[in-house]
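Subject: A structure for you to look at

Hi there,

Here is the structure I promised to pass on. Have a look at it first, and then read on for what turned up.

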Amino acid sequence: MQNALFDHHDGASPSAMTLDITAEKCPMTFVRTRLALDGLPAGSLLAVRLTGEEPRKNVSRSVRGLGHLILSEQEEADGSVVLTIQKKGDPKAA
């Protein structure tokens with residue numbers, strides 16, 4: 001699913017929203033990521049699937065610049081990368 005935001009729960013980890021931006025180019029990779037993060041509550045997880053070194057660097061740098069945490073960067077067999085991002089803020093404070 002490209003450019004889609006959907007729930008993902010594998011039973012082993014907390015439920016995360018997943019955003020597939022593999023068809024996007026910079027700067028839209030970060031624009032889509034930011035819009036997805038803006039729609040999530042504080043402390044939520046967002047898994048972003050992307051391709052290419054430039055989007056990987058730019059999305060990572062921009063997300064960190066906004067104060068969010070990148071919990072992992074998982075390289076996939078198809079050449080894509082999945083960034084697991086935790087939205088800044090304490091979910092209990094909301």
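The side chains of Glu75 and Arg56 come together in a salt bridge, with 3.4 Å from N to O; the term stands for a side-chain nitrogen of Lys or Arg within 4 Å of a carboxyl oxygen of Asp or Glu. Glu75 belongs to strand β4 (residues 69–75) and Arg56 to helix α2 (residues 53–65), so this pair ties together parts that are 19 residues apart in sequence. Helices (H or I, at least four residues) and strands (E, at least two) are DSSP runs, numbered from the N terminus. Glu75 is exposed, at a relative accessible area of 54%, while Arg56 is buried, at 15%. Here buried means under 20% relative accessible area, exposed means over 50%, and partly exposed is what lies in between (1.4 Å probe, protein chains only).

A word on the source: this is a predicted model, in which local features need pLDDT of at least 70 and side-chain atom pairs count only at pLDDT 80 or more, whereas totals for chains, interfaces and linings use all residues. Residues are numbered from 1 along each chain as its sequence is written, and side-chain values use heavy atoms, with hydrogens and water left out.

Back to the charges. Arg64 and Glu73 also meet through their side chains in a salt bridge, at 3.9 Å from N to O. Both residues count as partly exposed, Arg64 at 46% relative accessibility and Glu73 at 34%. Salt bridges with shared partners join Arg56, Arg64, Glu73 and Glu75 into one network. Another salt bridge links Arg32 to Glu24, whose closest N and O atoms are 3.1 Å apart. In that pair Arg32 is partly exposed, with 31% relative accessibility, and Glu24 is buried, with 11%. By this rule the count is 5 salt bridges.

Now for the overall layout. The protein chain holds 2 helices and 5 strands, and from the N terminus on they follow the order β-β-α-β-α-β-β. Of the 94 residues in the protein chain, 39% are buried. Contact means heavy atoms within 4.5 Å, and among contacts with a separation of 6 or more, 53% are between residues 24 or more positions apart. The protein chain exposes about 5,500 Å², of which carbon and sulfur atoms supply 52%; accessible areas come from the Shrake-Rupley method with a 1.4 Å probe, and for residues only the protein chains shown count as cover.

Which way do the side chains of β2 point? Ala16, Thr18 and Asp20 point one way from β2, Met17 and Leu19 point the other way, and all are buried. Strand β2 (residues 16–20) is therefore mostly covered, with 5 of its 5 residues buried under the cut-off of 20% relative accessible area. This strand pairs with β3 (residues 45–50) in the parallel sense over 4 bridges, where pairing requires that DSSP finds at least two bridges between two strands. The chain gets from β2 to β3 through helix α1 (residues 28–38), and this β-α-β crossover is right-handed: with the strands pointing away from the viewer, the path from the first strand over the helix to the second runs clockwise.

Ala47 has Thr84 as its bridge partner in β5. With 5 of its 6 residues buried, β3 is largely enclosed by the rest of the structure.

Arg49 is another residue of β3, and it counts as partly exposed at 25% relative accessibility. Its C-alpha atom is separated by 4.3 Å from that of Val82, a residue 33 residues apart along the chain. Leaving aside neighbours within four places in sequence, the contacts of Arg49 include Leu19, Asp20, Glu76, Asp78 and Val82.

Finally, the surface. Met28, Val31 and Leu35 make a nonpolar patch of about 240 Å². Patches are made of residues with over 30% relative accessible area and no salt bridge, where like charges are joined within 9 Å and nonpolar side chains (Val, Leu, Ile, Met, Phe, Trp, Tyr) within 5 Å. Val31 sits in helix α1 and is partly exposed, with a relative accessible area of 34%.

All the best
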